[in-house]
Amino acid sequence: MKRRHFLFQSLHSALAATLLAALPARADDDDDDDDDDHDRARRAVEQGRALPLRVVLDQVERQFQGRAVNVELEREHGRLIYEIRLLQADGRVVKLEVDAASGAVLKVKQKSRKD
């Protein structure tokens with residue numbers, strides 16, 4: 001159990017450390033090669049177009065009692081959406097779509113645990 005907790009913490013830390021560098025978070029469709037994804041995600045947060053990822057993760061991890069193992073920031077129908085996969089303690093995976101600006105959970109898909 002201790003090793004599993006360490007694995008969750010390691011995955012969580014790695015996710016938090018690398019996520020913003022991999023997010024395609026530009027709210028306008030300008031493909032300026034001089035800007036990297038981290039800067040675009042940071043600007044979305046600074047401009048109020050997205051909540052900080054940590055705020056959203058704290059909310060959904062508490063609400064759905066799991067640890068984030070994958071996060072993407074997508075633009076859908078003109079708004080930014082965090083797509084989050086949580087691994088719950090019993091091994092189930094929950095896929096969430098969360099409005100990046102408000103933190104509202106828009107969609108929940110839960111996969112049953114495979115034995």
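Residues are numbered from 1 along each chain as its sequence is written, and side-chain values use heavy atoms, with hydrogens and water left out. Because the model is predicted, local features need pLDDT of at least 70 and side-chain atom pairs count only at pLDDT 80 or more, whereas totals for chains, interfaces and linings use all residues.

The chain contains three helices and four strands, where helices (H or I, at least four residues) and strands (E, at least two) are DSSP runs numbered from the N terminus. Along the sequence these elements follow the pattern α-α-α-β-β-β-β. Of the 115 residues, 32% count as buried; buried means under 20% relative accessible area, exposed over 50%, and partly exposed in between (1.4 Å probe, protein chains only).

The mean pLDDT (the predictor's confidence in each residue, from 0 to 100) is 77, and 63% of the residues reach 70 or more. Helix 1 (residues 2–22) has the lowest confidence, at a mean of 48, while strand 3 has the highest, at 97. Over residues 13–34 pLDDT stays under 50, and the model has 38 contacts beyond four places in sequence for this stretch; contact means heavy atoms within 4.5 Å. Where pLDDT is low, the predicted coordinates should not be read in detail.

The largest nonpolar core has 18 residues, and those with the most contacts inside it are Val-60, Val-71, Tyr-82, Ile-84, Leu-86, Leu-96 and Val-98. Such a core is a set of buried Ala, Val, Leu, Ile, Met, Phe, Trp, Tyr and Cys residues joined through side-chain atoms within 4.5 Å. At least two core residues come from each of helix 3 (53–64), strand 1 (66–76), strand 2 (79–88) and strand 3 (93–99). Helix 3 provides the largest share, five residues. In soluble globular proteins, nonpolar side chains tend to be buried together. Leaving aside neighbours within four places in sequence, Leu-86 is in contact with residues including Val-60, Phe-64, Val-93 and Leu-96, and also with Glu-61 and Arg-92.

Glu-61 is found in helix 3 and is buried, with a relative accessible area of 9%. Its C-alpha atom is separated by 9.0 Å from that of Gln-88, 27 residues apart along the chain. The side chains of Glu-61 and Arg-54 meet in a salt bridge (3.3 Å, N to O), that is, a side-chain nitrogen of Lys or Arg within 4 Å of a carboxyl oxygen of Asp or Glu. In contrast to buried Glu-61, Arg-54 is partly exposed at 34% relative accessible area. A network of salt bridges links Arg-54, Asp-58, Glu-61 and Arg-67.

The whole structure holds six salt bridges. One of them joins Glu-46 to Arg-42, with the closest N and O atoms 3.0 Å apart. These two residues are four apart in helix 2 (residues 37–46) and are therefore separated by about one helical turn. Glu-46 is exposed, with a relative accessible area of 55%, and Arg-42 is partly exposed at 34%. Asp-90 forms a salt bridge with Arg-92, the closest N and O atoms being 2.7 Å apart. Asp-90 is partly exposed at 32% relative accessible area, as is Arg-92 at 30%.
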